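Let's take a walk through this structure together. Keep the viewer open as you read, and turn to each residue when its name comes up.

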Amino acid sequence: MYGIGKLSIDDFVVGYIEKGSFDFGGKEPESVDVEAEQIPDAPVLTLAQKNGSIEPTFNLIQLDYKNLHAVLGGTLQGGEAAPTGWEAPSDLIDKSGKCVIDLVSGQRITIPNGKILANLSGKLTLTEVAKIAVKLKVQKPTAGGAPYSITDIPEGE
């Protein structure tokens, strides 16, 4: 698996992802070893506590008003069709939705219930660009099932 081809949140394709910024992140599986006095060199049982997880992070560098709205919430100014500005949200941001990542290598990663945590970041210089640092917290789907899946992209998409 390699290469970000397209990333969408609730069927909205967000813009450019900064080269080299996408990271699966996440945590290793957790377990507890049970040890016995009679066997000093290794555990006699390992109890699984938690599965490993992913927690993708990336930098969104195409900061048009619709992309700002899609990941940071807030309000579009001038209408949905041709916005002329964006206002940051005045309330706590609580954005969740289906996240789909199509890879150049032909696979699709689907996160049915991703919590979007994002903030405006980067520098305003002539050598760097402003960006939105995004973290996707993978949550249990509301209807149950797998927290994420990896499949082939269907023919013709």
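The paragraphs below go from the core to a tryptophan, then to a glutamate, a pocket and a pair of loop residues.

Please keep in mind that this is a predicted model. In soluble globular proteins, nonpolar side chains tend to be buried together. Here, the largest nonpolar core has 18 residues, and Ile9, Val14, Phe58, Leu60, Val71, Ile132 and Leu136 are those with the most contacts inside it. Two or more core residues come from each of β1 (4-9), β5, α1 (65-72), β8 (95-103), β9 (107-122) and β10 (130-138). Select Phe58 to see how one of these residues is placed: beyond its neighbours within four places in sequence, Phe58 is in contact with Leu7, Ile17, Ser21, Phe22, Ile132, Ala133, Val134 and Leu136.

Next, move to Trp86, which sits in strand β7 (residues 85-87).

Now look for Glu55, in the loop between β4 (45-50) and β5 (57-60). The side chain of Glu55 is joined to that of Lys137 by a polar contact of 3.0 Å. Apart from residues up to four places away in sequence, Glu55 touches Lys137 together with Asp23, Phe24, Gly25, Gly26, Lys135 and Leu136.

From here we can turn to empty space. Rolling a probe the size of a water molecule over the atoms shows where empty space is left. The largest pocket holds about 340 Å³. It is lined by 15 residues, of which Lys50, Asn51, Gly52, Ser53 and Val138 are the closest to its centre. By class, seven of the lining residues are charged, four are polar and four are nonpolar.

Finally, visit the loop between β1 and β2 (12-13), where you will find Asp10. Asp10 is not a glycine, yet its phi is positive, at about 50°. The loop between β1 and β2 also holds Asp11, whose phi is positive too, near 65°, again in a residue other than glycine. Are these residues buried or exposed? Asp10 has 47% relative accessibility, so it counts as partly exposed. Asp11 counts as exposed because its relative accessibility is 74%, and the cut-off for exposed is over 50%.

How values were computed. Residues numbered from 1 in each chain as written. Predicted model: local features only at pLDDT ≥ 70, side-chain atom pairs only at ≥ 80, totals over all residues. Heavy atoms only, no water. 1 Å grid on protein atoms, 1.4 Å probe; cavity = no way out; pocket = protein on both sides within 12 Å on 5 of 7 lines; lining within 4 Å. Points joined across faces, edges and corners; volume = space filled by probe spheres on them. Nonpolar A, V, L, I, M, F, W, Y, C, P; charged D, E, K, R; others polar. Helix = DSSP H or I, 4+ residues; strand = E, 2+ residues; numbered from the N terminus. Polar contact = N/O pair within 3.5 Å; in protein donor to acceptor, adjacent residues only side chain to side chain. Contact = heavy atoms within 4.5 Å. Core = buried A, V, L, I, M, F, W, Y, C linked by side-chain atoms within 4.5 Å. Buried < 20%, exposed > 50% of the residue type's maximum accessible area, 1.4 Å probe, protein only.
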